[in-house]
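Good morning, colleagues. Please look at the structure on the screen while I take you through a few of its contacts.

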Amino acid sequence: MRTPFTWDDLQFFLAVARSGQLSTAARQLRTSHATVSRRIDRLEFSLKVKLFERNPRGYVLTPIGHRFVETAEKVEQEAERLQEEISGSATLQRGVVRLSAPEGFSNFFLAPRLQDLTTRYPNISLELITIQQIMSLSRKEADLAVVLDPPKAGPYHFEQLTDYHLRIFASVDYLAKHGTPQCPEDLLGHAFIGYIQDMIFAPGLDYLGDVHPRIKPGFQSSSIFSQLTATRNGLGLCVLPMFITNQYPELRPVLPQVVLHRQYWLVCHHDLLQVARVRSVMDFLRASAQAHEGDFAPPPQDVAELAT
């Protein structure tokens, strides 16, 4: 006689299937490593099938396990739909969502709006990872990602979140001491701040070649916050996103003809696209970016006013 399993067992199964790790699944479900292991063992015993291969790298779905994911996700979607219909509210959406996003977007745009997210979805716990280069959606180390360059292949859903513009900035004090460049060739006579070349993890961050091929930064940092701080303290010129610099009136754009255009993309694994809490965070990010599109990509007349 088979031991019956419950919907909770399927939740444990999906958490392990999506992460490949008992510890990650335990964190998401807010329980212990041992409990997750016990529930997976119980589900396999009940079904009389092996859903995972255990190895030192984690839990890997068997062929039967892969087929079972589709069935379990249908049950998950129906359970969430039923909850939403009964409650008529977003308050039942609960759990952990891990978001990977660039440092600039995270610290200068998203962090000030986290209270809005908490107010709207009080039962969703957000984990924000800004060390983007070490996160992998393919291994499901993150549920969602904001990236500068969308994936070229793989089982991903991706959509453009927003355009954003960058310009060359300097502090008022720096320009008073060293003068204002009047043409791109003038830039070669100024100190520059930029990323460490061999640590640029996304092509979209490789700015200086687009400004002038012969610029060699004197100060380099992998952190945009460090670059911003150095610019504010008069160390040199720096290419910075306008949604960041519009918060610092002591910074001035130079060379109005030089405006770089980039995009932020929102990416998640197809397996997670129908998970209600993930969809909710995606909806919040879309709405927030749309509401502030003028900060990300100011109209030309606003750009001209900044330079005066």
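I shall speak about a helix pair, a hairpin and then some salt bridges.

Please bear in mind that this is a predicted model. Let us begin with helix α2, residues 22-29, and helix α3, residues 33-47, whose axes come within 8 Å and cross at roughly 105°. Angles of 65 to 115 degrees count as roughly perpendicular, and α2 and α3 are therefore roughly perpendicular to each other. On the α2 side the contact involves Leu22, Ser23, Ala25 and Ala26, which meet His33, Val36 and Ser37 of α3. Four of these contact residues are nonpolar, three are polar and none is charged.

I turn now to the strands. β1, residues 52-55, pairs with β2, residues 58-61, in the antiparallel sense over four bridges. The two strands form a hairpin, with two residues between them. Within this pairing, Arg54 has Tyr59 of β2 as its bridge partner.

Which residue does the side chain of Arg54 meet in a salt bridge? The partner is Asp41, at 3.1 Å from N to O. Since Arg54 lies in strand β1 and Asp41 in helix α3, the pair ties together parts that are 13 residues apart in sequence. Both are partly exposed, Arg54 at 34% relative accessibility and Asp41 at 39%.

The structure holds 14 salt bridges. Another of them joins Glu70 and Lys74, with the closest N and O atoms 3.8 Å apart. Both residues lie in helix α4, four residues apart, about one turn of the helix. Finally, the side chains of Glu250 and Arg232 meet in a salt bridge at 2.5 Å, N to O.

Key:
Residues numbered from 1 in each chain as written. Predicted model: local features only at pLDDT ≥ 70, side-chain atom pairs only at ≥ 80, totals over all residues. Heavy atoms only, no water. Axes fitted to C-alpha atoms, helices over the stretch in contact; angles between N-to-C directions. Parallel < 35°, antiparallel > 145°, perpendicular 65-115°, else oblique. Contact = heavy atoms within 4.5 Å. Nonpolar A, V, L, I, M, F, W, Y, C, P; charged D, E, K, R; others polar. Pairing = 2+ DSSP bridges. Salt bridge = Lys/Arg side-chain N within 4 Å of Asp/Glu carboxyl O. Buried < 20%, exposed > 50% of the residue type's maximum accessible area, 1.4 Å probe, protein only.
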